[in-house]
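Q: I would like to learn how to read domains and helix packing from a model. Can we work through one together?

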Amino acid sequence: MSLRFDFSASAVAALALSDATRALQEDVADGDLTASLVDPARKARAHVLAREAAVVCGAPWVETTIRQLDPEARITWLCAEGERCAADQTVLEIEGTARALLTAERTALNFLQLLSAVATKTALYADAVEGTRARIVDTRKTLPGLRLAQKYAVRTGGGVNHRIGLYDAVLIKENHIAAAGGVAAALRAVAPVASQAAFIEVEVETLAQLREALGAGARMVLLDNMDLPTLREAVRINDEAGEGDKAVLEISGGVTLEGLRALAETGVDRISVGALTKDVKAIDFSMRFQES
C-alpha cells in the first residue's frame with residue numbers, strides 16, 4: 001500500500017470504481033430480478049432531489065455506479081461537487097435505459113447520502129471555527145471498507161485528513177508511552193520507522209508530559225481531554241518554545257459542536273473529531289423517474 005492516498009482526480013476515480021463495483025456485486029450479484037420485468041429497450045429520465053440542505057458529495061461514486069450499468073447514460077449535475085444545495089433542490093438529472101437506472105438507484109443514492117452527510121457535517125464544524133487558526137481533522141473511526149471515501153468527503157466539506165491508517169503515520173498514545181517507559185523514551189523508539197511516516201505525533205495528558213515531549217523534539221502533539229484553562233496553558237508553553245521548536249498542537253477527546261468555538265479560540269492548530277465519519281445521519285436524497 002502506498003504511503004499516502006493522494007486524492008487526485010484519477011486516484012479518486014479509481015477508488016470510486018472499486019467501491020461501486022463491490023457495492024453493485026453486493027446488491028445485484030447475478031441480476032436484478034425486479035428490473036428484469038422492464039423492457040430492456042425502454043429509456044427513462046430521472047432526477048435526484050435533495051430533501052434537506054446539504055453539501056453535495058459523492059459524484060464520482062454516483063457516476064461510476066450508473067455507468068457500469070449503462071455506459072451511455074447522460075448525467076447532468078445541477079449542483080456541483082462540494083457546493084451547498086437547498087432543501088427540495090434538484091441536484092442531478094440522468095437519462096439512460098430504464099433497467100440500468102432502476103438497478104443503479106439504491107447503490108448510487110447510498111453513496112450520495114453517506115458522503116454528502118460526512119461533507120455536510122464537516123462543513124458545519126469547519127464553519128464553527130472560521131476565523132481561528134484551528135482546522136477540523138478526521139480520525140480512523142470510519143465505516144469498514146469506506147475509509148478513503150469518507151476521508152474524501154471530509155476534504156470536500158472543508159476538513160483535513162489525519163493519518164489514513166496505521167501504516168502511514170505514527171501516533172504514540174498512552175499505552176505506547178506506558179510500554180516504552182515514558183514520552184521521551186517512546187519518541188526515541190520511533191527512529192527505525194520515522195522515514196516511513198508522513199508525520200510523528202505523540203499524545204499527552206498533562207502539561208508535564210507536554211514539556212517532556214517538546215524537550216524530546218516532538219513536532220506534533222495531541223492534547224487529550226484537557227479543559228480550557230489547561231489548553232490555554234499548553235498553547236502558552238508551546239509558544240515559549242520558539243518558532244523553530246514549536247509543535248503543531250491538536251485537541252482530541254470530548255469535542256462537541258457546542259464547545260467547538262471555545263476550543264478553537266485557545267489557539268490550537270487542529271481539532272480532531274471522530275463524529276465526522278462515525279456519527280453521521282444520511283442526507284435525504286430521492287430519485288424520481290419519468291418516461292422519456
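A: Start with domains. Domain bounds come from an automatic or database domain assignment. Keep in mind that this is a predicted model.

Q: Which domains does the assignment give for the protein chain?

A: The assignment gives domain 1 (9-126 + 280-289) and domain 2 (131-276). Their centres, taken over C-alpha atoms, are separated by 35 Å. Domain 1 puts 22 residues into the contact, and domain 2 puts in 19 residues.

Q: How is the size of an interface given?

A: Often as the accessible area lost when the parts come together. Here, domain 1 and domain 2 bury about 1700 Å² between them. Carbon and sulfur atoms give 75% of that area.

Q: Which residues in domain 1 lose the most area to domain 2?

A: They are V118, T122 and Y125. Together they account for 36% of what the domain 1 side buries.

Q: Now the helices. At what angle do the axes of α2 and α3 cross?

A: Helix α2 covers residues 59-69, and helix α3 covers residues 98-128. Their axes come within 8 Å and cross at roughly 165°. Angles over 145 degrees count as roughly antiparallel, so α2 is roughly antiparallel to α3. The crossing is right-handed.

Q: Which residues of α2 and α3 meet?

A: From α2, the contact uses W61, V62, T65, I66 and L69. From α3, the partners are A100, L101, T103, A104, T107, A108, F111, L112 and L115. By class, this contact of α2 with α3 has 11 nonpolar and 3 polar residues, with no charged ones.

Q: How do α1 and α3 cross?

A: Helix α1 spans residues 9-27. The axes of α1 and α3 come within 10 Å and cross at roughly 135°. That angle makes α1 oblique to α3. This crossing is right-handed.

Q: What residues make the contact of α1 with α3?

A: D19, A20, A23, L24 and D27 in α1 meet R106, T107 and F111 in α3. The classes are 4 nonpolar, 1 polar and 3 charged residues.

Q: Let me try a single residue. Where does Q209 lie?

A: Q209 lies in helix α7, residues 207-215. Leaving out residues up to four places away in sequence, Q209 touches V183 and V204.

Q: How far apart are the C-alpha atoms of Q209 and L223?

A: They are separated by 9.8 Å. Along the chain, Q209 and L223 are 14 residues apart.

Technical notes: Residues numbered from 1 in each chain as written. Predicted model: local features only at pLDDT ≥ 70, side-chain atom pairs only at ≥ 80, totals over all residues. Heavy atoms only, no water. Axes fitted to C-alpha atoms, helices over the stretch in contact; angles between N-to-C directions. Helix = DSSP H or I, 4+ residues; strand = E, 2+ residues; numbered from the N terminus. Parallel < 35°, antiparallel > 145°, perpendicular 65-115°, else oblique. Left-handed = near helix turned anticlockwise from the far one by under 90°. Contact = heavy atoms within 4.5 Å. Nonpolar A, V, L, I, M, F, W, Y, C, P; charged D, E, K, R; others polar. Buried area = accessible area lost by both parts, 1.4 Å probe.
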